Amino acid sequence: MKALDIIVCVKVVPKPEEVTVHAETRTLDRAQARSELNPPDMNAIELALALRERHGGTVSLLSMGPPFAAPYLEVGLAMGADRAYLLSDRLFGGADTLPTSFALAKGIEKIGEWDLVLCGEESSDGATGQVPAGIAEWLGCSQITYAMDLALLPDGRLRGEREIRGGHEVIAVPLPAVVSVKLGVNEPRFMDMERRRSPEPVTVWSAGNLGVDPAWLGFEGSPTVVGAVWQAKSPERQRRFLEGMPQEKARLLAEQIRAAVSPQ
Ligand SMILES: Cc1cc2nc3c(=O)[nH]c(=O)nc-3n(C[C@H](O)[C@H](O)[C@H](O)COP(=O)(O)OP(=O)(O)OC[C@H]3O[C@@H](n4cnc5c(N)ncnc54)[C@H](O)[C@@H]3O)c2cc1C
């Protein structure tokens, strides 16, 4: 059976609980928040490494983001990925899902050899879930969305089990393919410098390296216009201390729960 060359698209996202919105520019104020690798992308990396263990081949990581994303890709390298690429240039900034998927597709073409692209099901900051389908369209290949598990069939097709409302669906597609992976389908392995295969640092490519018309990238290439943004306020937490012995506290608590849930 053929070895698999896999590219995993990973997005560096701000921790959701630390994000604020910039009312004037209508953008997320990422500078104020700490970052992490988008959680389902960690599941996609784990699935890619497990497929490499079964079939051989390579796992490359690809991200589009600011220069500070590079150390986060090192995390994926320390999980065992072979190579990592970062698309980073001011011209990529402010991209909606159309130029994001376009730039990633161009990055994939520049990496060259590949059979399978894995993405997370959605990002924790944009959360459209449109990027994987966009990449498949730009590359003109098969796609499976919301996959829970993947296996290579003896005839060379990719078998994907996907979650649908009320059940599971099993489908087979020819390679090459783009697959989005459900959050939590596996336990991502820890990073460990002994797992690192390549001493090479993350390769950084600018818009010029992709050789594309800048009008297709970033703000300029984005048809989405953000009308308004505002900061959602968390409700004030209410807390009451109950006095007395444990039995008395339990009785008071039960009374208060009954009062809260009983119809007025
Ligand atoms: C209404 C709205 C307004 C927005 N405004 C702005 C803005 O003003 N400025 C701004 O910078 N952003 C903005 N964004 C965010 C921007 O559109 C997204 O960050 C970007 O287009 C990717 O889309 P997503 O996060 O929804 O990805 P999804 O489609 O949810 O991501 C699915 C998967 O695709 C892959 N992926 C997605 N993005 C990347 C990436 N960059 N690198 C590698 N892999 C990736 C990952 O595997 C990810 O798990 C906005 C989003 C929305 C919905």
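Tyr146 is buried, as 21 other C-beta atoms lie within 10 Å. Buried means 20 or more such atoms within 10 Å, exposed means 12 or fewer, and partly exposed lies in between, with C-beta atoms placed from the backbone. This is a predicted model: local features need pLDDT of at least 70, side-chain atom pairs count only at pLDDT 80 or more, and totals for chains, interfaces and linings use all residues. Residues are numbered from 1 along each chain as its sequence is written.

**Backbone**

Tyr146 sits in strand E9 (residues 142-152). Helices (H or I, at least four residues) and strands (E, at least two) are DSSP runs, numbered from the N terminus. Ala127 lies in the loop between E8 and H4. Ala127 counts as exposed because it has 12 C-beta neighbours inside 10 Å. Pro176 is in the loop between strand E11 (167-173) and strand E12 (177-181). The table gives the backbone angles.

| Site | Feature | Angle |
|---|---|---|
| Tyr146 | positive phi, not glycine | near 55 degrees |
| Ala127 | positive phi, not glycine | near 55 degrees |
| Leu175 to Pro176 | cis peptide bond, omega | near 5 degrees |

Most residues other than glycine have a negative phi, and most peptide bonds are trans.

**Ligand shell**

The ligand is surrounded by 31 residues; the closest are Cys119, Gly120, Gly126, Thr128 and Val131. At least two shell residues each come from helix H1 (39-55), strand E6 (57-64), helix H3 (97-111), strand E8 (116-120) and helix H4 (131-139). H3 gives the largest share, three residues. By class, the shell holds eleven nonpolar, 14 polar and six charged residues. Nonpolar covers Ala, Val, Leu, Ile, Met, Phe, Trp, Tyr, Cys and Pro; charged covers Asp, Glu, Lys and Arg; the others, Gly among them, are polar.

**H3 against H4**

H3 and H4 pack at an angle of about 55 degrees, their axes 8 Å apart. Therefore H3 is oblique to H4. Angles under 35 degrees are roughly parallel, over 145 roughly antiparallel, 65 to 115 roughly perpendicular, and the rest oblique. Axes are lines fitted to C-alpha atoms, for helices over the stretch in contact, and angles run from 0 to 180 degrees between N-to-C directions.

From H3, Thr97, Leu98, Thr100, Ser101, Phe102, Leu104, Ala105 and Ile108 meet Val131, Gly134, Ile135, Trp138 and Leu139 in H4. Contact means C-beta atoms, placed from the backbone, within 7 Å. This contact of H3 with H4 has nine nonpolar, four polar and no charged residues.

Notes
Near = placed C-beta within 6 Å. Contact = placed C-beta atoms within 7 Å.
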